[in-house]
Amino acid sequence: MKKSYLILFVCFTLSCEAVFVEDISTELVSVLAPLNNTQVTSGNITFTWQHVDEAAMYQVQIAQPDFQNASQILLDSITNSNTIEKSLEAGNYEWRIKAMNSEYETQYTTVSFTVN
């Protein structure tokens with residue numbers, strides 16, 4: 001009988017851990033590049049950010065010239081990496097990123113930059 005209780009306890013404990021999802025909604029994604037108000041050379045641009053603990057994926061968006069007055073949304077992508085590349089021509093842009101897991105998401109971190 002004791003074995004049955006032990007097995008039930010172990011099964012219950014493991015299943016509870018499996019469904020618990022960390023609330024990341026108060027976290028911020030820290031952008032590494034391009035930083036706010038920087039100038040970069042046209043061509044393939046690598047967008048990088050620091051990993052957020054307990055995040056499973058990131059939503060990355062790029063707009064021209066910015067999200068408030070977007071003439072184009074050039075990228076709207078989900079990735080589980082902390083980098084993404086996009087080829088851009090000369091102009092003014094904004095990019096933003098948020099971290100997500102199965103239950104929660106952070107606010108967007110938004111950055112303006114110029115491509116020469």
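**Notebook: strands, rings and core**

I began at alanine 33, which I find opposite threonine 48 in β3. The coordinates are a predicted model, in which local features need pLDDT of at least 70 and side-chain atom pairs count only at pLDDT 80 or more, while totals for chains, interfaces and linings use all residues. Residues are numbered from 1 along each chain as its sequence is written, and side-chain values use heavy atoms, with hydrogens and water left out.

**Entry 1: strands**

I looked up the secondary structure and noted 1 helix and 8 strands (DSSP runs numbered from the N terminus, with H or I over at least four residues for helices and E over at least two for strands). Read from the N terminus, the order of elements is α-β-β-β-β-β-β-β-β. Two strands are taken to pair if DSSP finds at least two bridges between them. Strand β1 (residues 31-33) runs antiparallel to β3 and is joined to β3 by 2 bridges. I then followed β3 to β6, where the pairing is again antiparallel and extends over 6 bridges; in this pairing isoleucine 45 faces lysine 86 of β6.

**Entry 2: an aromatic pair**

Which kind of pair do phenylalanine 47 and tryptophan 95 form? My search for aromatic pairs returned 5 in the structure, where rings of Phe, Tyr and Trp (its six-membered ring) pair if their centres lie within 6.5 Å, with planes under 30 degrees apart called stacked, over 60 edge-to-face and the rest tilted. The pair of phenylalanine 47 and tryptophan 95 is edge-to-face, at 5.0 Å centre to centre and with 65° between the planes. Since phenylalanine 47 belongs to strand β3 (residues 43-49) and tryptophan 95 to strand β7 (residues 91-100), the pair ties together parts that are 48 residues apart in sequence.

**Entry 3: the core**

I listed the contacts of phenylalanine 47 (heavy atoms within 4.5 Å), leaving out residues up to four places away in sequence, and among them are Ala33, Ile62, Leu88, Trp95 and Phe113. For the whole protein, 62% of the contacts with a separation of 6 or more are between residues 24 or more positions apart, and buried residues make up 32% of the 116 residues.

**Entry 4: charges**

I asked where the charged end of arginine 96 sits. The charged end of arginine 96 lies over the ring of phenylalanine 67, 4.0 Å from the ring centre, and arginine 96 also lies over the face of tyrosine 108, at 4.3 Å from the centre of that ring; the test asks for NZ of Lys or CZ of Arg within 6 Å of the ring centre and within 35 degrees of the ring normal. Salt bridges (a side-chain nitrogen of Lys or Arg within 4 Å of a carboxyl oxygen of Asp or Glu) gave 1 result for the whole structure. Lysine 98 and glutamate 105 form a salt bridge, and their closest N and O atoms are 2.8 Å apart. Lysine 98 is buried at 9% relative accessible area, whereas glutamate 105 is partly exposed at 40%.

**Entry 5: backbone in the loops**

The peptide bond from alanine 33 to proline 34 is cis, with omega near -15°, and proline 34 lies in the loop between β1 and β2 (38-40). Glutamine 64 and proline 65 are also joined by a cis peptide bond, with omega about -5°, and proline 65 lies in the loop between β4 and β5 (72-79). I checked phi as well: asparagine 37, a residue other than glycine, has a positive value near 65°, and asparagine 37 lies in the loop between β1 and β2, where its relative accessibility of 64% makes it exposed. Glutamate 54 has a positive phi near 75° and is placed in the loop between β3 and β4.

Key:
Buried < 20%, exposed > 50% of the residue type's maximum accessible area, 1.4 Å probe, protein only.
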